[in-house]
Amino acid sequence: MTDRMQPFGARASECAGGRPLRVGVIGREGAWSSETLARAFEKRTGFGRVFQLEDAVADLAQGRVVAGDVDLCALDGLVVKKIGANYGPELLDRLDLLRLVESRGVRVFSPPERIQRMVDRVSCTVTLAANGFPIPPTVLTEDLAKAQAAIVEFRQAVVKPLYSTKARGFRLLTFSDDLKTELEEHRAQTRHPLFYVQKKLDLAGRDFGVVFLDGRYVGTYARVAGADAWNTTIHAGGHYERYTPTDDVIELCRRAAVHFGLTLTCVDVALTGVGPVLFEVSAFGGFRGLRDGLGIDGAGLLADHVLERLSA
């Protein structure tokens, strides 16, 4: 039986010397998930701030990373919720700033080197495939003709940008489309030579987010597609529902989560006629899915976990 998430004990909000802990949130000012997490820390410790990495200044000689009026290296911990408004290669550089903060003794949740393996969709997918996790049939190529041939073979495929979330920039293509034009447009929009072509599976209008906190099972929510939508994201009219997967599915997702070594993570899984397949592992968890699908305060759960780790 899979080890399921249990509530933590008494909340810990002080360091060993009795001083209140100061934990910052790397996120987006005004963004719901970032601000919710900052408020959770403020409620527990009296300190809660959101810091945007694009605003930070790193002085390598001094070993300081300053965001606003705060030296992040002087904090007790940082929790990474978002590292940019949009996904792109620049996020990798921002994570390197967190590596500097980490080198000064600040605990970062999740560790930036772990997150760097997740920002690029190819890196995550290749890691899953190389370690034997089931994924949908996928072709990666810079050759336009080979990408066309893959779509024809799949009959229907999703072409995905390498840097995106919530299905932004996804193209659903069929063998009968003007594939050369579609792929050239996709390449121009993404400004990247590599095509990520994945077979479109019949998911019966739903897939699932299986959430883990430090390797412990929290719960599972279903993402249910809206009317006439081919993907299940809330941006396409989808909604969240409670779901209880089998222990085998939970264990498969747990192994994937543990492999990537993230603090709070959501493993995206679909159930098909040939068994479960994994789409990706998220570096930032799913606060909204936990709240709307399961009635769980993900921010409070994460804040309690981080404070307990820092005070141990």
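**View 1. Lining of the second largest pocket in the predicted model****.** In this predicted model, 18 residues line the second largest pocket, and those nearest its centre are Tyr87, Pro161, Tyr163, Ser164 and Thr190. The volume of this pocket is about 380 Å³. Helix H6, which spans residues 179-190, supplies three lining residues, the largest share. Sorted by class, the lining of the second largest pocket comprises eight polar, seven nonpolar and three charged residues.

**View 2. The largest cavity and its lining****.** One cavity of 30 Å³ or more is found when the whole structure is searched. The largest cavity holds about 60 Å³ of space. Its lining consists of Val79, Val80, Lys81, Phe109, Ser110, Thr263, Leu264, Ala283, Phe284 and Leu302. Seven of the lining residues of the largest cavity are nonpolar, two are polar and one is charged.

**View 3. Contacts of Ile115****.** With residues up to four places away in sequence left aside, Ile115 touches Val80, Ile83, Leu95, Ser110, Leu262, Ala283 and Phe284.

**View 4. The largest nonpolar core and a second, separate core****.** The largest nonpolar core contains 52 residues, and the members that touch the most others are Ile26, Leu72, Ile83, Ile115, Leu278 and Val281. Helix H7, residues 247-260, gives this core seven residues, the largest share.

How values were computed: Residues are numbered from 1 along each chain as its sequence is written. This is a predicted model: local features need pLDDT of at least 70, side-chain atom pairs count only at pLDDT 80 or more; totals for chains, interfaces and linings use all residues. Side-chain values use heavy atoms; hydrogens and water are left out. A nonpolar core is a set of buried Ala, Val, Leu, Ile, Met, Phe, Trp, Tyr and Cys residues joined through side-chain atoms within 4.5 Å. Buried means under 20% relative accessible area, exposed over 50%, partly exposed in between (1.4 Å probe, protein chains only). Helices (H or I, at least four residues) and strands (E, at least two) are DSSP runs, numbered from the N terminus. Contact means heavy atoms within 4.5 Å. On a 1 Å grid over the protein atoms alone, a cavity is a set of points where a 1.4 Å probe fits but cannot get out, and a pocket is an open set with protein on both sides within 12 Å along at least five of seven lines; lining residues have an atom within 4 Å of a point. Grid points are joined across faces, edges and corners, and a volume is the space filled by probe spheres set on the points. Ala, Val, Leu, Ile, Met, Phe, Trp, Tyr, Cys and Pro count as nonpolar, Asp, Glu, Lys and Arg as charged, and the others, Gly among them, as polar.
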